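Welcome, and thanks for taking a look at this one with us.

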Amino acid sequence: MNNLIVSASPHIRSKANTTVIMRDVIIALMPTLIAAIFIFGWRSLLVVGVCVAFAVLGEWGFEKLCKRDVTIGDLSAVVTGILLGFSLPVGIPLWQAAFGSIVAIVVVKQLFGGIGKNFANPAVTARIVMFIAFAGSMTTWQMPDAVSTATPLVALKYGTGELPEILDLLIGNRAGCIGETSIIALVIGGIYLMIRKVITWHVPVTYLATVFVLTAILGKEPVYQLLSGAVVLAAIFMATDYTTTPQTKKGKFIYGLGCGMITVLIRVWGNYPEGVSFAILLMNILTPHINTLTRSKPLGGVKA
């Protein structure tokens, strides 16, 4: 008993820091980036590269201007840039991609205090801003053969055009954003993150299952709803953001359920064929309340 040490939590520590976690996320995103280059050509790499460059430069410049410690070494700005690039059409003007990165890093992240203090996912919020500001270029989709066409979600919603084969949806041979089309590549990245224990299954599985079950109940082609649009990309890489996701398992279930329900509501009854970004943003706003409602009571304590 002489060696008993009493200290404040946390009592269990990990060697994984922000840089290690972000490095794993970057590795998990590489299969999708490689698939995007094969599907849409080298311009997809250019768009993602511009997003990453301006995300890193935006973070460095803002922190220098405000005389803060420079944090670009934690790689979080790189991850934000890749995710934003994945959320854009391959034909987007490069200056618009740069603008989106500045919005994500400076407005959504740095103005709220930097990593860990932003109220919403920077890439998701920047995509919504770009969707409102540049509606034309943000909704001009290209097939892998560079021919402009409707996405499967547009075809589902408005009954225009033929739906692709399931195999084409899995490998990514369809119109859509740079990083959303290859489901196989996204799942490979998700499995890697789970093996590395960067994310858990609770949010992705709950999100995707909710989308599938609700669209099945509504008779809205659940398989196509699940494999089309950005729902798999969002469920694995965006809805699992540490800062904007509930901390408890119960909270993660509620969060994933909410994301799935809002996504389906917008897809089925809203004016837009896709609802992923709006769903995540709305649930990001609710995350602090979900944390409060699902927080465990300490032994011998009173629930806050």
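In this predicted model, the largest nonpolar core holds 75 residues, and Leu 88, Tyr 207, Phe 237 and Ile 280 are the ones that touch the most other members.

**Inside the protein**

- Which residues does Phe 237 touch beyond its neighbours within four places in sequence? Its contacts are Val 25, Ala 28, Leu 29, Leu 83, Leu 186, Gly 189, Gly 190 and Leu 193.
- Ser 101 sits in helix α4, which covers residues 94–109.
- Is Ser 101 buried or exposed? Ser 101 counts as buried because its relative accessibility is 1%, and the cut-off for buried is under 20%.
- Setting aside residues up to four places away in sequence, Ser 101 is in contact with Val 50, Cys 51, Phe 54, Ala 55 and Leu 84.

**The enclosed space**

- The model has 1 cavity of 30 Å³ or more, and the volume of the largest cavity is about 60 Å³.
- Its lining includes Phe 86, Ser 87, Arg 127, Cys 177, Glu 180 and Ala 230; also among the lining residues are Leu 233, Met 238, Glu 274, Val 276 and Ser 277.
- Helices α12 (231–238) and α14 (276–294) each provide at least two residues of this cavity lining.
- Sorted by class, the cavity lining comprises 6 nonpolar, 2 polar and 3 charged residues.

**The largest pocket**

- The largest pocket has a volume of about 430 Å³, and of the 24 residues lining it, Met 22, Val 79, Ile 115, Asp 241 and Tyr 242 are the closest to its centre.
- At least two lining residues come from each of α1, α3 (76–86), α5 (122–133) and α12.
- The lining of the largest pocket divides into 14 nonpolar, 8 polar and 2 charged residues.

**The second largest pocket**

- About 280 Å³ is the volume of the second largest pocket, which is lined by 18 residues, with Arg 127, Phe 131, Trp 141, Pro 273 and Glu 274 the closest to its centre.
- Arg 127 and Glu 274 are also among the residues that line the largest cavity.
- Helices α5, α7 (152–158) and α14 each supply at least two residues of the lining of the second largest pocket.
- By class, this pocket lining has 10 nonpolar, 5 polar and 3 charged residues.

Key. Residues are numbered from 1 along each chain as its sequence is written. This is a predicted model: local features need pLDDT of at least 70, side-chain atom pairs count only at pLDDT 80 or more; totals for chains, interfaces and linings use all residues. Side-chain values use heavy atoms; hydrogens and water are left out. Helices (H or I, at least four residues) and strands (E, at least two) are DSSP runs, numbered from the N terminus. Buried means under 20% relative accessible area, exposed over 50%, partly exposed in between (1.4 Å probe, protein chains only). Contact means heavy atoms within 4.5 Å. On a 1 Å grid over the protein atoms alone, a cavity is a set of points where a 1.4 Å probe fits but cannot get out, and a pocket is an open set with protein on both sides within 12 Å along at least five of seven lines; lining residues have an atom within 4 Å of a point. Grid points are joined across faces, edges and corners, and a volume is the space filled by probe spheres set on the points. Ala, Val, Leu, Ile, Met, Phe, Trp, Tyr, Cys and Pro count as nonpolar, Asp, Glu, Lys and Arg as charged, and the others, Gly among them, as polar. A nonpolar core is a set of buried Ala, Val, Leu, Ile, Met, Phe, Trp, Tyr and Cys residues joined through side-chain atoms within 4.5 Å.
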